[in-house]
Every structure is written in structure tokens, then in C-alpha cells.
Amino acid sequence: MSNHIIDVIINSLLGYLAYRSGALDLRGALSAALLGIFVLQLGGVYPFLALLTFVVLGVIATKYRYEEKRKKGVAQSNGGVRSWGNVLGNGLAVVLFLILEKLSMMDTFWAATFSAIATVNGDTLASELGKVFGRRPRLITNLRPVKPGTNGAVSLAGELFALLGIFMIALFALPLTVHKTQMLLAIVIGGFIGVNLDSIIGATLENRRITDNNSTNFLASLLGGLAGACVFYILGG
């Protein structure tokens, strides 16, 4: 019981800090606190720290040269403040994979969990920093030049930031398995697939208003997680 109380206190405090810092609105902060409690209870400290790293890096990347991005018309809306939809879009697949891991006790679902987190972390860094450092972005579906911030736009800088963000998340999974090489490769490959699937979904479904940013993030993280699980299985983990 004491561990449950500690989890509630930690996540309540982090939610409050996210709200006070302007990273999340009130509903977003409450959703993030509940999500954090579920992650700690289901998966323990390592997936929790991976998600926390994603949140911190996401806030930093969003705020970085925000005024410059705003003037270009490519900045995150609402001053970079995110709400409950963004929290669920980025975290729901993670919870689903943690439930499967809890039920199966299989490392395959650790790979899925961290690949999902790697997908959203890589995508956020690619999007927010690619808008600043990317040169000559192109639409992922036909490689035609497009304006920075266009749904489905990719750039070399964005892809490199994505890989960096993916690799950082992959490190948190290594203490959970004896198959460290397979796990690292699975998450890096799965996360990279997920990031680029996010761009493909953005260029197709989101541009046609079939999905929005939050549902695009959910689909990409779900598919990135499944890709990571498949790679881990194929590699014999």
C-alpha cells in the first residue's frame, strides 16, 4: 500500500510541475499523472523514467527557439501547452503493451513498450528540432519539397534527431533483459519505423482529416511498438 501512495504522490507532484511550467494544461496534467501511476504499477521504474525523459525532452524541444517557429507559422499551438489528448495519444499504446507484458512476462513486450516510447520521443525531437535545423524538407510519400511543418515532411536533420531520441529511450530497456543487443536493435529499428510511419500517416490520413495529431501519434506508437516486438522476436530474443 505504501508503494501505491508513493506512486500517487510522485505523479501528482510531476503533474503539478508540468502544469505550473506550462507544459500541460490542467486536464493534461491530470491525465499525465494517472498515466504515470499506471506505468509505474504495471512496468516499474524503467518505462516510467523513459516516459519522463520523453516528456522533459519534448518540453525542451518544443520551447527551443519557439518564437522563431511561431513567426514561421510552424510552432506548436497554444504556446506549446498540451492537453489530455496529446497525453493519451503518446502514452496509451505504452500502457497497452505493458499490460501484455504483465500478462505474458515476455521480453517481446518490453521491446514493444520501449519501441512505442522511442517512437513518440523520436517523432517529437524530429518535428520540433527539424523545423529549426532541417533544410529542404520533403514529403515522405513522394519526396517533393514542402514547407517546414507540413504534415509528413521529413529532413535529414529531423531523421538524425529522431535516431538520437530513439537511442536514448532504448537504453532504459537494457536492465530488463539478458538479450541486450537484440533489445537495443529492436527498439532502434522499431522506433525508427514508427517515426517514419507517423510521417506517412501525417502525409496521408491526417492531411485528409481522417486522423488528427493525437490519433496519428497513437497509431504510430502502436505500430512502432509492434515493429519493435517483431524485430526482437526475429532476432531470437
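# Salt bridges, core and surface patch

E68 forms a salt bridge with R65, with the closest N and O atoms 2.8 Å apart. A salt bridge here is a side-chain nitrogen of Lys or Arg within 4 Å of a carboxyl oxygen of Asp or Glu. This is a predicted model: local features need pLDDT of at least 70, side-chain atom pairs count only at pLDDT 80 or more, and totals for chains, interfaces and linings use all residues. Residues are numbered from 1 along each chain as its sequence is written, and side-chain values use heavy atoms, leaving out hydrogens and water.

**Salt bridges**

- A search of the whole structure finds five salt bridges.
- E68 is partly exposed, because its relative accessible area is 27%; buried means under 20%, exposed over 50%, and partly exposed in between (1.4 Å probe, protein chains only).
- R65 is also partly exposed, at 35%.
- E128 and K69 meet in a salt bridge through their side chains (2.9 Å, N to O).
- That pair links distant parts of the chain: E128 is in helix 6, K69 is in helix 4 (residues 66–72), and they are 59 residues apart.
- Helices are DSSP runs (H or I, at least four residues), numbered from the N terminus.
- K69 has 1% relative accessibility, so K69 counts as buried.
- E128 is buried too, with a relative accessible area of 2%.
- E128 forms a salt bridge with R82 as well, the closest N and O atoms being 3.8 Å apart.
- R82 sits in the loop between helix 4 and helix 5, 46 residues from E128.
- K69, R82, E128 and K131 are linked in a network of salt bridges.

**Nonpolar core**

- The largest nonpolar core has 39 residues, and V39, F114, I117, M183 and I187 touch the most other members.
- Such a core is a set of buried Ala, Val, Leu, Ile, Met, Phe, Trp, Tyr and Cys residues joined through side-chain atoms within 4.5 Å.
- Helix 6 gives the largest share of this core, nine residues.
- I187 touches residues including F114, S115 and F192; contact means heavy atoms within 4.5 Å.
- S115 lies in helix 6 (residues 107–133).
- S115 is at 0% relative accessibility, so S115 counts as buried.

**Surface patch**

- W84, L88, L92, L96, I99 and L103 form a nonpolar patch on the surface, with about 540 Å² of accessible area together.
- Patch residues have over 30% relative accessible area and no salt bridge; like charges are joined within 9 Å, nonpolar side chains (Val, Leu, Ile, Met, Phe, Trp, Tyr) within 5 Å.
- Accessible areas come from the Shrake-Rupley method with a 1.4 Å probe; for residues, only the protein chains shown count as cover.
- W84 lies in helix 5 (residues 84–104).

Methods
Helix = DSSP H or I, 4+ residues; strand = E, 2+ residues; numbered from the N terminus. Lists of a residue's contacts leave out its neighbours within four places in sequence.
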